[in-house]
Amino acid sequence: MRAALALLFAALLVSAAPLAAQAGRIAGRVVNAQGEGVASAQVNVAGTQARVSTDVEGRYTLAGVPQGTHSVTVTALSYSPKTVTGVAVAEGRTAELNVSLAPAALMLTGVTVTAQAERGSTGALLSERRNSASVVDAIGAEQMSQTPDGDAAAVVRRVPGVSVVDGRFVYVRGLGERYGNTTLNGAALPSPIPDRKAVPLDIIPTALLESVITAKTYSPDQPGDYAGGLVQIETKAAPTERVFRLSSGMGWTQGETGSAALGYPAGNLLGFGGAMDLPAGLPRDAEVNGLPADAGTRERVVSGIAGPHWGPVGGTLPANGSLGVSFGDEVDALGKPLGLMGTFSWASGASQPADRAERFFGVTGGAPERQTDLSSTATARETTVGALLNGGIRLSDTGRVTATLVYNHLAEAEARSLSGFYANRGPFLDQTRLRYVENTMANAQLRGQHLLPFGDATLRWRLPFSFSRRYEPGTRTTVYASPEEGGARLFQDVSESGQILHQDLEDRGWNPGVDLKLPANFLGSGATLSLGGAADVRDRTVYARRIRVRPIVALGNDDAALAPNDLFAAGNFGDQPGQLTLDEATFAGDNYDSDFSVFAGYLMADFQLLPRLRVAGGARVEQASIATQAVNRLNRVEGALPRAELENVDLLPGINLTYELTPDMNLRAAASRTVARPQFRELAPYLYVDYFGGAVVVGNPYLRRTSIINTDLRWEWFLGTGSVLAASAFHKRFDDPIEPLALVLGTNPAQTYANGDRAELYGTELEARTNLGRLLPALQEFSVNANLTLVHSQTSVGQTVIYRFDDPLTPDTVSASSRARPLFGQSPYVVNAGLTWDGQRSGTTATVLFNRFGRRLDAFGGLALPDVYEEGRTQLDLTVEQRLPRGFEMKLSATRLLGQEVRYTQSFPNGDTVTTRQYDLGRAISLSLSWEPGR
């Protein structure tokens with residue numbers, strides 16, 4: 001992979017030679033009122049011989065167009081002709097022109113307009129939104145460039161009603177990731193996170209993105225397992241002219257960059273291959289009980305496990321950095337136009353949030369009782385590598401095939417030290433943890449679109465394969481304790497101390513699909529009948545080990561007081577009392593295989609019921625199966641563990657109505673039924689723990705899938721290019737909602753998952769996006785984008801059943817409080833606002849962005865425990881871009897200008913409110929420089 005990336009980079013540099021002077025081109029797409037491509041349309045330039053037909057997607061390229069300003073005429077059967085004037089073509093360059101045609105039945109005469117649009121621009125995406133059959137919101141490459149956002153997660157939080165949790169997981173309309181879904185170029189993405197559905201969008205750099213479209217209402221031609229929104233990520237397409245771009249940047253964080261930090265001895269510049277993997281001499285298919293007898297094998301195992309890689313080392317926090325290169329062109333391939341696009345991006349960042357704390361409280365007489373109170377220092381270093389290869393060839397006017405490969409790799413190295421009060425041990429302890437995790441996502445797609453030889457029918461197909469991996473080679477944890485505060489801390493021979501956790505999780509997914517669109521005639525007007533099928537088949541394999549390094553007999557105080565890297569030195573391992581040995585500590589449920597499949601078929605129609613009323617509706621049938629089975633990969637004697645399974649067949653109808661109040665104003669209404677399914681680990685009755693003193697998590701095999709009824713209403717007014725006013729109202733009813741449940745098992749904090757009886761959510765969204773020159777001509781260079789979402793939800797969790805780890809075949813019933821509360825992760829409000837100044841003469845663009853979300857539920861309380869809430873917070877960002885001569889551009893970004901404290905709280909019956917977790921994110925600034933020759 002590294003060699004391939006190096007060769008790609010070198011090839012791009014060689015290919016970036018300046019173009020010789022030549023005639024220009026005009027390229028773009030011809031679409032109808034619904035935003036669909038118009039095939040076989042004739043495009044010609046007045047006064048020249050330049051003439052071409054559009055392909056099956058409505059795309060075209062006019063070559064050999066002389067330099068100057070031209071008029072372009074587009075004609076197509078059953079559509080009124082359109083002439084676009086003022087199309088400027090520069091020598092050796094491509095002018096991009098997208099044209100929308102009106103049906104001839106509605107407009108018998110041709111029209112002449114002066115218009116120009118481009119893919120990824122705000123205007124183009126608003127036009128797509130206006131013509132969409134369902135309720136959607138979108139952000140394109142143009143708007144992304146005006147923000148400091150470096151990844152898809154940061155981009156999506158600018159969408160109305162969207163907030164991002166933990167910097168990577170998307171919540172739409174306040175609903176958790178369970179009620180959302182994500183596709184990449186139309187294909188479903190598996191998540192590399194063991195117990196979460198959501199794809200961590202921070203691993204997808206913005207450099208790869210063309211647009212992010214969030215569908216707020218369901219359509220039967222889309223997957224049916226979402227309620228909040230479907231995030232549709234589209235990667236950059238091949239350009240119609242040569243494009244080359246280089247970029248580089250540096251970033252600093254207040255109070256962090258350059259300061260003393262905990263170090264982690266693993267990783268490299270590209271974030272591939274960390275240290276501290278399991279030693280080669282350790283058996284992978286058998287338990288470890290002591291050191292190997294063979295001297296050579298023992299030496300290899302001890303050298304791979306012993307220090308100095310047990311405790312954090314000293315260091316300083318480096319500055320953040322980024323590099324990127326993009327190249328694209330359209331070439332001739334055996335007489336066919338072949339578009340090629342390649343993008344490579346690399347970014348490295350480091351953080352050490354201040355004032356970090358982890359606390360857990362029990363309850364006595366309605367008052368909080370402190371169980372855990374730990375202060376924490378955690379240093380994290382992240383390295384992201386992203387690559388995109390995209391190629392599309394126009395086989396004929398009736399066929400086009402595109403191949404896309406997207407690769408993203410995120411490596412996270414963390415060194416953490418926890419110290420403080422822990423009631424069950426010590427009661428004062430110190431804990432250290434070194435963790436290195438690689439998250440990888442790869443997606444390969446071959447897709448095509450063809451105009452069939454009968455009735456202008458269109459066939460679309462896709463053959464995607466996706467792969468995701470979470471590789472945690474050897475997380476190492478130690479626990480020291482003292483009976484009194486300030487006393488000598490001694491090594492503790494307990495389950496999470498001296499432990500090495502190795503985990504390798506792989507997800508493979510296939511998501512083929514086919515869609516057929518048939519022109520039809522309904523009540524004398526044009527209509528489209530769509531039908532198709534899809535499969536989403538995934539399998540997951542997990543190989544995990546927990547290995548304890550522990551003393552053969554209890555250590556004396558002098559040895560137990562040694563620092564981790566000294567205690568676990570190679571010379572301290574052996575077979576004698578006072579020395580260290582190895583024990584297998586792998587849980588019975590750590591290793592498991594899971595299968596997930598959804599087979600679906602749909603039928604829907606899109607037609608004009610009345611001259612101004614558009615109807616798009618139909619139904620989808622999904623047959624879903626989920627299964628998780630613990631696997632004995634170590635060939636040890638153990639009792640059988642239960643298999644968790646869930647199967648459902650669901651009919652999912654949906655209808656979207658669009659009434660055209662005026663040519664610029666729509667009123668939309670939608671109703672649908674969708675579902676939400678539990679994830680692999682949520683079903684599995686197997687136990688796992690994040691850190692010593694942290695919550696024990698166990699799945700619930702009795703979970704049922706959630707059924708959701710959705711209704712939406714939206715009014716939208718398109719005021720011109722880049723301007724819109726919109727107001728929406730929505731209501732959702734959930735049967736059997738799945739929610740996390742906080743418990744106490746013995747004296748340990750725990751969490752499981754449970755079905756509530758019913759939940760309801762309703763809310764409204766308000767959006768305004770316009771150029772302020774509409775209000776005052778002097779403000780022509782200013783534009784504003786603001787949206788507000790208000791949401792209210794209510795649910796309750798009654799009795800649930802979980803598996804106890806000490807007797808996995810016997811169910812145990814735990815009752816939760818039945819008080820009403822909001823849905824998990826749902827904010828009562830989300831506010832986004834942005835003000836942009838575009839100085840055309842100076843080449844300067846400045847944008848101020850504001851984001852605020854309200855207090856949201858993080859975990860339900862079980863028994864007498866109160867719920868845990870994440871407190872609301874505000875973020876203010878500033879971006880300034882300056883165009884420079886010779887194709888250079890400089891970008892300055894400042895984020896979290898108001899500071900940002902992250903805080904989680906619980907409110908007890910006696911009126912006390914306690915903080916369970918907190919940390920402070922500092923202000924950050926970054927500076928980047930890009931070069932695009934010929935711009």
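**Exercise 1. Charges over rings**

Task: The charged end of Arg 356 sits over the ring of Tyr 919; at what distance from the ring centre does it lie?

Solution. A charge sits over a ring if NZ of Lys or CZ of Arg is within 6 Å of the ring centre and within 35 degrees of the ring normal. For Arg 356 and Tyr 919, the distance to the ring centre is 4.9 Å. A further case is Arg 284, whose charged end lies over the ring of Tyr 543 at 4.1 Å from the centre.

The model is predicted: local features need pLDDT of at least 70 and side-chain atom pairs count only at pLDDT 80 or more, whereas totals for chains, interfaces and linings use all residues. Residues are numbered from 1 along each chain as its sequence is written, and side-chain values use heavy atoms, with hydrogens and water left out.

**Exercise 2. Aromatic pairs**

Task: Classify the pair formed by Phe 361 and Phe 908, and state which parts of the chain the pair ties together.

Solution. Step one is the rule: rings of Phe, Tyr and Trp (its six-membered ring) pair if their centres lie within 6.5 Å, and planes under 30 degrees apart count as stacked, over 60 as edge-to-face and the rest as tilted. The count by this rule is ten aromatic pairs. Step two applies the rule: the centres of Phe 361 and Phe 908 are 6.4 Å apart with 70° between the planes, an edge-to-face pair. Phe 361 belongs to strand E22 (residues 354-364) and Phe 908 to the loop between strand E52 (900-907) and strand E53 (913-921), so the pair ties together parts that are 547 residues apart in sequence. Step four concerns burial, where buried means under 20% relative accessible area, exposed over 50% and partly exposed in between (1.4 Å probe, protein chains only). Phe 361 is buried at 10%, and Phe 908 is buried at 4%.

Task: Carry out the analysis for Phe 888 and Trp 931.

Solution. The ring centres are 6.0 Å apart and the planes lie at 25°, so this pair is stacked. Phe 888 is in strand E51 (residues 888-895) and Trp 931 in strand E54 (residues 924-931), 43 residues apart. Phe 888 is partly exposed at 31%, and Trp 931 is partly exposed at 28%.

**Exercise 3. A buried valine**

Solution. Val 549 is buried, with 0% relative accessibility. Its contacts (heavy atoms within 4.5 Å), not counting residues up to four places away in sequence, include Ile 305, Trp 310, Phe 491 and Phe 568. Trp 310, Phe 491 and Phe 568 also belong, with Tyr 480, to one aromatic cluster. The C-alpha atoms of Val 549 and Ala 306 are separated by 9.4 Å, although the two residues are 243 apart along the chain.

**Exercise 4. The faces of helix H5**

Task: Which residues of H5 (residues 295-305) are buried, and which exposed residues lie on the face turned away from them?

Solution. The buried residues are Thr 297, Val 301, Val 302 and Ile 305. Seen down the axis of H5, they fall within an arc of 125°, so they line one face of the helix; the arc is that of the directions from the helix axis to the C-beta atoms. The opposite face carries the exposed residues Ala 295, Glu 299 and Ser 303. An α-helix has 3.6 residues a turn, so residues three or four places apart point the same way.

**Exercise 5. Strand E13 and its partners**

Task: Which strands pair with E13 (residues 180-184), and in what sense?

Solution. Two strands pair if DSSP finds at least two bridges between them. E13 pairs with strand E16 (residues 229-235) in the parallel sense over five bridges, and Gly 180 has Gly 229 as its bridge partner in E16. E13 runs antiparallel to strand E14 (residues 187-188), joined by two bridges, with Leu 184 partnered by Ala 187. The hairpin of E13 and E14 has two residues between the strands, and Asn 185 there takes a positive phi near 50°. Five of the five residues of E13 are buried: Gly 180, Thr 182 and Leu 184 on one side, and Asn 181 and Thr 183 on the other.

Notes:
Helix = DSSP H or I, 4+ residues; strand = E, 2+ residues; numbered from the N terminus.
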